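These are my notes on a structure that I had not examined before. I began with the ligand and its surroundings, and then turned to the chain as a whole.

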Amino acid sequence: MAAQNKPVLILNGPNLNMLGKRQPEIYGRETLADVEAACRAEATRLGLAVDFFQSNHEGALVDRIQQARDANSAIVINAGAYTHTSVAILDALNAAELPVIEVHLSNIHRREPFRHHSYVSQAALGMIAGLGSQGYLFALQALARRLADAPQ
Ligand code: DQA
């Protein structure tokens, strides 16, 4: 399968399964299922396929990123708190050799200082933060354009 026709992997890290219940004043009232539905609708509009995966476990996220090297065309990642701690996720993203866009629901630069540093950013083309679930849709839009421009 041509690389551009493989699904985009949308990856969510720890506690993002709690969306809707978890600190709604920061993360909003949408659930992760709502975010997935919005991503699937946007992907259909853009002519992209998507795989959607969430785990609370660092190793499971690393395993899924390793699979993406062959199975996916690009990665949209909200690594949750692992953003700020995980060299293992950074190494996996670098090894995947795929376009990566980092997403955060909240504006991590407006929050506690420990959230200001992101390991994921070292592997990312770009980062979208503070726009809620719309950030995932913007990431898909950017990837659709980039994958369409990629050499066949
Ligand atoms: C988050 C921001 C992180 O600092 C936090 O640990 C999360 C969610 C966001 O989407 O705003 O779990 O990645």
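I worked from a predicted model. I looked up which residues lie around the ligand and found R22, Y27, N78, G80, A81, H84, H104, L105, S106, I108 and R115. I then sorted this shell by class, which gave four nonpolar, five polar and two charged residues.

Which atoms of the protein lie 2.8 Å from an oxygen atom of the ligand? For H104, I noted a polar side-chain atom at 2.8 Å from a ligand oxygen. For L105, a backbone N or O atom lies 2.8 Å from an oxygen atom of the ligand. A81 also contributes through its backbone, with an N or O atom 3.2 Å from a ligand oxygen. I next checked how much of the ligand is covered: alone it exposes 320 Å², and the protein buries 99% of that.

I asked where the ligand sits, and I recorded that the space it takes is the largest cavity.

I counted five helices and five strands in the protein chain. Along the sequence, I read their order as β-α-α-β-α-β-α-β-β-α. The radius of gyration is 14 Å, close to the 15 Å that the globule rule gives for 152 residues, so the protein chain is as compact as a globular protein of that length. Lastly, I noted that its C-alpha atoms fill a box of roughly 45 × 30 × 25 Å along the principal axes.

Key. Residues are numbered from 1 along each chain as its sequence is written. This is a predicted model: local features need pLDDT of at least 70, side-chain atom pairs count only at pLDDT 80 or more; totals for chains, interfaces and linings use all residues. Side-chain values use heavy atoms; hydrogens and water are left out. A residue is near a molecule or strand if one of its heavy atoms lies within 4 Å of it. A polar contact is a pair of N or O atoms within 3.5 Å; within protein, one must be able to donate a hydrogen and the other to accept it, and residues adjacent in sequence count only if both atoms are side-chain atoms. Accessible areas come from the Shrake-Rupley method with a 1.4 Å probe; for residues, only the protein chains shown count as cover. On a 1 Å grid over the protein atoms alone, a cavity is a set of points where a 1.4 Å probe fits but cannot get out, and a pocket is an open set with protein on both sides within 12 Å along at least five of seven lines; lining residues have an atom within 4 Å of a point. A molecule sits in a cavity or pocket if more than half of its atoms lie within 2 Å of its grid points. Ala, Val, Leu, Ile, Met, Phe, Trp, Tyr, Cys and Pro count as nonpolar, Asp, Glu, Lys and Arg as charged, and the others, Gly among them, as polar. Helices (H or I, at least four residues) and strands (E, at least two) are DSSP runs, numbered from the N terminus. The radius of gyration is taken over C-alpha atoms; the globule rule is 2.2 Å times the number of residues to the power 0.38.
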